[in-house]
Amino acid sequence: MNTAERDLRLEMLNSLLTTPHRKLDQVAEIHKLIVELDPIFYGHLAVWYQHNGDVRDHKEVFVGNLLTSNLTEHRDAGFVMLQQFPPYEVSRIVDFMKQHRNKMPRSARTAVTRYLKEREKNPAFFDRAALRGRKAMKHLYATLHIKPNVRADAVLFKDAPPEDSLAFVLKQLAKAATPAEQANLIVEHNIPYTIAIGAVKQVTPTVLVALINSMSPQEVINNLKSLKDRGAMEHPEVKALIDGKLEEAQKSLRISAYKAKVAANVTELDAETAAKLEKVTDEQIKKRGKIAKQTALLVDKCVTGDTLICTEYGLLPISSLVPPVQAGVTEVGLDLMVATRNGMAKATRLFLNGKKPVRYIETEKGFRLGASHNHPLLCYEPHTATLVWREADTLQVGDYLVLRRNTRCFGTDVSLADYKPKEAYQPNEAPLRVLRQMTPELGRWLGYIVSEGRIKHRPATVEFCNSDAQLIADFCALTAQLFGLQARVIEDGNCQTASIASAALLHFLDEAIGLKKDRARDCIVPRTVLMSSQQTQRQFLRGYLAGDGGLMSRNCGVLAATSASEQLLRQIQVMLLNFGIISNLKPIRSCATNGNRVMRSYWRLTIGGNDAQRLVQEIGFAADAKQNAIAHIVTSTRSLEWSARWDSVPELARSAAAILEPGTRHQLRQLFPTLACFKGKAKNHRVPTDLLPSILEAFPAFGEVGDIQEVVQSQLFLDAVAGIEEGYEAVYDLCVPGEHSFVSNGIVSHNSGSMENAIEIGKRLSGLISGITEAGLFVYAFDTVPYPVTAKGTELSDWERAFQHIKAGGGTSIGCALEAMRLKKQWVEQIILVTDEGENSAPYFANVYDNYCRDLAVMPNVVIVKVGSTSNYVENQLKQKQVQVDTFTFAGDYYSLPNLVPMLSRPSRLELLMEILDTPLPVREDK
């Protein structure tokens with residue numbers, strides 16, 4: 001077995017530690033890869049997971065791949081396994097084969113046919129399946145063109161069920177005059193809770209008793225909140241029935257281990273019932289395996305991340321929030337309002353975590369963000385019109401990122417009071433009037449300098465060159481008003497140059513403003529502008545656009561600004577987005593402006609359609625002639641089709657087609673005749689965001705499509721990924737409790753770089769691991785200091801309570817906990833690390849490991865459970881020392897937690913792989 005095969009199998013095992021939640025494409029690729037490269041292992045793993053796994057999405061993918069395999073043994077195993085699924089999962093398996101495998105083999109169709117015909121043979125079996133999965137069974141018959149028998153046709157398609165069917169009883173249940181009659185029907189025919197509850201007129205204790213008696217333990221757990229809302233917990237007899245079902249659940253073999261924990265978290269229950277649910281989880285987890293070795297469990301409580309953010313003080317790089325701190329400090333307290341997915345929220349902490357691998361993601365409109373590999377970004381799924389979080393390393397070109405416009409993150413005009421003026425170099429040099437605060441007038445003056453200004457150091461001169469006499473006059477007037485200096489105007493052909501000779505002014509621009517413009521390509525927006533008021537930022541943009549801005553195309557009214565500085569235009573692009581204006585940034589090749597006709601690289605920012613009109617109205621140009629001419633052209637040529645290319649929701653018309661009646665689509669075509677997407681034209685299925693409020697007002701049903709309501713209400717817009725690059729640099733992160741998101745370079749990011757969610761998962765993993773350990777156990781949480789953790793009992797719930805006060809924060813010394821164990825002579829055979837492997841403080845784990853082995857005469861194997869935004873630092877250091885290291889990457893939630901137990905409870909990964917390969921494939925006997 002070569003290294004590539006071992007890595008591939010580990011990747012397959014790691015994929016089982018995710019929870020796709022019906023997003024099967026997220027795991028389909030690795031399934032497809034291993035079924036092609038190692039089909040023998042894949043077949044045994046599929047059967048092993050059927051008995052040892054918890055996440056049904058993976059089970060569906062396994063069976064779908066087996067049924068479409070080229071191996072007869074796989075197809076036979078898939079045939080047998082399919083018969084055990086409920087109808088709604090069989091329906092999803094069929095859809096998976098069609099959508100992801102692009103085929104539906106005859107053997108797979110035969111398996112589904114057998115599945116349906118076996119249920120048709122037994123009327124009672126069929127009725128119950130049809131009652132619970134009516135829609136799924138209709139889909140199976142229809143999509144595979146399987147002819148139903150007379151009973152199935154009457155129940156599913158003709159809505160004329162025979163009198164001896166459950167479907168007929170359900171109709172009688174709805175007509176029953178009294179609760180007693182309804183209860184009798186429920187008890188007599190054992191009607192499922194989820195079906196019966198919609199038909200009963202009045203939920204009385206009598207009805208509840210009948211319903212609960214007909215429920216399985218898993219159904220009781222799944223519907224606890226619904227039962228509580230209907231008064232089940234307030235009636236002693238009914239509650240006693242529920243308690244009995246929960247006790248059955250502890251011994252049942254068909255209970256999802258963490259469903260009980262989820263039910264306890266979402267339902268306000270009395271202490272006794274909550275304890276029973278915890279007991280269910282404890283017992284179900286223990287059935288999955290035990291850890292027999294003397295073990296150390298070390299839990300990382302550090303956080304990681306990076307980004308640029310929109311704050312109450314304006315648009316700032318996150319690194320600018322770092323105060324002067326001593327070496328080794330990795331956490332800073334904050335009290336800062338930042339823009340989030342839904343508005344403004346308070347960031348409470350800033351984390352500094354050194355250098356990590358990052359991905360630079362650039363969108364089609366030129367928005368760019370550097371994010372650590374596992375940092376989630378908000379994305380749009382076109383087929384379902386839903387918003388989902390996806391990690392940066394899963395993104396591909398063509399995926400849609402979600403950006404937030406109109407954040408209106410402005411500060412107050414920055415104070416310049418700390419600036420100390422430079423003493424005059426020449427005795428006769430004009431004195432500089434020193435400003436003590438940023439102002440809108442200073443913002444406009446700086447816009448002129450950034451656009452078409454020059455700064456010379458020998459002699460010390462500031463110049464502004466333009467052909468518009470109004471701008472030159474305004475620049476000279478502002479220079480006198482702001483600094484008390486006179487500008488000298490020089491005629492130069494069609495242009496005029498306003499020149500100011502003052503070393504003191506250069507010193508002010510450098511030290512107080514932060515403006516450096518030695519070369520045009522190095523120019524940036526001064527931070528004092530980015531942090532100032534809305535009016536000052538608006539005036540800066542007016543001055544800049546008056547110089548560098550203009551019309552790129554008269555026909556479409558497209559505005560453009562061109563610069564040699566990429567960073568400058570990226571900053572301006574985010575500034576415009578902050579005002580609610582979407583722009584497009586692209587590199588271009590053009591002749592230099594000095595007249596020598598040399599081709600050079602530049603960057604061009606363009607604004608079109610409705611956004612061009614917004615810019616003219618919201619910001620404008622400082623030059624009246626340019627403002628009037630552009631306003632006329634933009635207003636007269638602005639077109640909806642052009643705006644749709646800039647700001648629209650892709651594939652929304654396709655998603656909406658499922659709920660919009662043909663008559664509704666006809667009305668939409670009449671109200672919005674320019675929208676080709678409602679005319680059924682396949683080439684254009686984009687809906688302009690500008691029209692969404694009007695569409696929602698006219699047709700409320702349109703708002704039921706995916707997350708369209710949030711797109712409208714939260715000022716979101718969508719932009720496709722155009723390019724991805726890899727890099728390595730210092731990373732930072734914010735902690736934003738509650739919202740768990742922030743706006744970074746316009747893009748909506750999750751603050752799970754701060755690992756608040758990952759730390760919660762880490763705690764639960766720790767509780768799970770400690771709950772299945774039978775031998776001695778030492779538990780520590782750590783950042784740069786080890787925190788011993790002890791529990792008052794041995795149950796999983798006891799350990800979760802022991803971890804409840806461990807908070808995310810601090811730097812990372814993974815070795816500090818092991819060093820504490822060395823000093824205390826705590827001997828173990830294995831070490832389980834729950835960490836992201838980001839280590840930036842001594843003592844380092846690999847170094848401490850050597851000392852531990854020498855002093856305690858043991859070489860414990862190391863198991864790393866990776867959570868959050870991970871690296872490979874620790875495992876690489878250990879492998880260089882030839883230490884046995886097993887790694888598992890956990891990226892799931894509650895439901896995939898139990899999948900980790902078999903991986904941790906087996907003595908080694910090799911024994912786990914052997915156990916999987918020893919699992920026999922089921923054999924189809926009747927061919």
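Is arginine 359 buried or exposed? Arginine 359 is buried, with a relative accessible area of 12%. Buried means under 20% relative accessible area, exposed means over 50%, and partly exposed lies in between (1.4 Å probe, protein chains only). That residue comes up again below.

**Before you start**

This is a predicted model, in which local features need pLDDT of at least 70 and side-chain atom pairs count only at pLDDT 80 or more, while totals for chains, interfaces and linings use all residues. Residues are numbered from 1 along each chain as its sequence is written, and side-chain values use heavy atoms, with hydrogens and water left out.

**Whole chain**

Show the protein chain as a cartoon. It comes to 39 helices and 27 strands. Helices (H or I, at least four residues) and strands (E, at least two) are DSSP runs, numbered from the N terminus. Of the 927 residues, 57% are buried. Contact here means heavy atoms within 4.5 Å. Among contacts with a separation of 6 or more, 72% are between residues 24 or more positions apart.

**Stop 1: arginine 359**

Select arginine 359 in strand S5 (residues 344-363). Its side chain has a polar atom 2.8 Å from the backbone oxygen of alanine 392. A polar contact of 2.9 Å joins its side chain to that of arginine 359. A polar contact is a pair of N or O atoms within 3.5 Å; within protein, one must be able to donate a hydrogen and the other to accept it, and residues adjacent in sequence count only if both atoms are side-chain atoms. Leaving aside neighbours within four places in sequence, arginine 359 also touches residues including Leu369, His373, Asp393 and Ile724.

**Stop 2: a charged network**

Stay on strand S5 and pick glutamate 362. Glutamate 362 forms a salt bridge with arginine 570, the closest N and O atoms being 3.4 Å apart. This pair links distant parts of the chain: glutamate 362 is in strand S5 and arginine 570 in helix H25 (residues 566-578), 208 residues apart. Both glutamate 362 and arginine 570 are buried. A salt bridge is a side-chain nitrogen of Lys or Arg within 4 Å of a carboxyl oxygen of Asp or Glu.

Next, select glutamate 725 and arginine 368. Their side chains meet in a salt bridge at 3.3 Å, N to O. Again the pair links distant parts of the chain: glutamate 725 is in strand S20 (residues 716-735) and arginine 368 in strand S6 (residues 368-372), 357 residues apart. Glutamate 725 is partly exposed at 45% relative accessibility. Arginine 368 is partly exposed at 22%. Salt bridges that share partners join Glu362, Arg368, Glu566, Arg570 and Glu725 into one network. The structure holds 30 salt bridges.

**Stop 3: helix H7**

Go to helix H7 (residues 106-121) and select arginine 119. The side chain of arginine 119 instead reaches the backbone oxygen of glutamine 83 at 3.3 Å. Beyond its neighbours within four places in sequence, arginine 119 is in contact with Gln83, Phe85, Phe125, Phe126 and Ala129.

Now select glutamate 118 and lysine 121. They form a salt bridge, with the closest N and O atoms 3.1 Å apart. The two are three residues apart in helix H7, so they are separated by about one helical turn. Glutamate 118 is partly exposed at 34%, whereas lysine 121 is exposed at 63%.

**Stop 4: helix H35**

Move to helix H35 (residues 815-823). Eight of its nine residues are buried. Colour the cover next: it includes strand S1 (295-300), strand S23 (777-782), strand S24 (786-788), strand S25 (830-835) and helix H36 (845-856). Just after H35, lysine 825 takes a positive phi of about 60°.

**Stop 5**

Select isoleucine 40 in helix H3. Isoleucine 40 is exposed, with a relative accessible area of 58%. Glutamate 73 is 33 residues from isoleucine 40 in sequence and 9.6 Å away, C-alpha to C-alpha.

Finish at glutamine 617 in helix H26 (residues 609-618). Glutamine 617 is exposed, with a relative accessible area of 61%.
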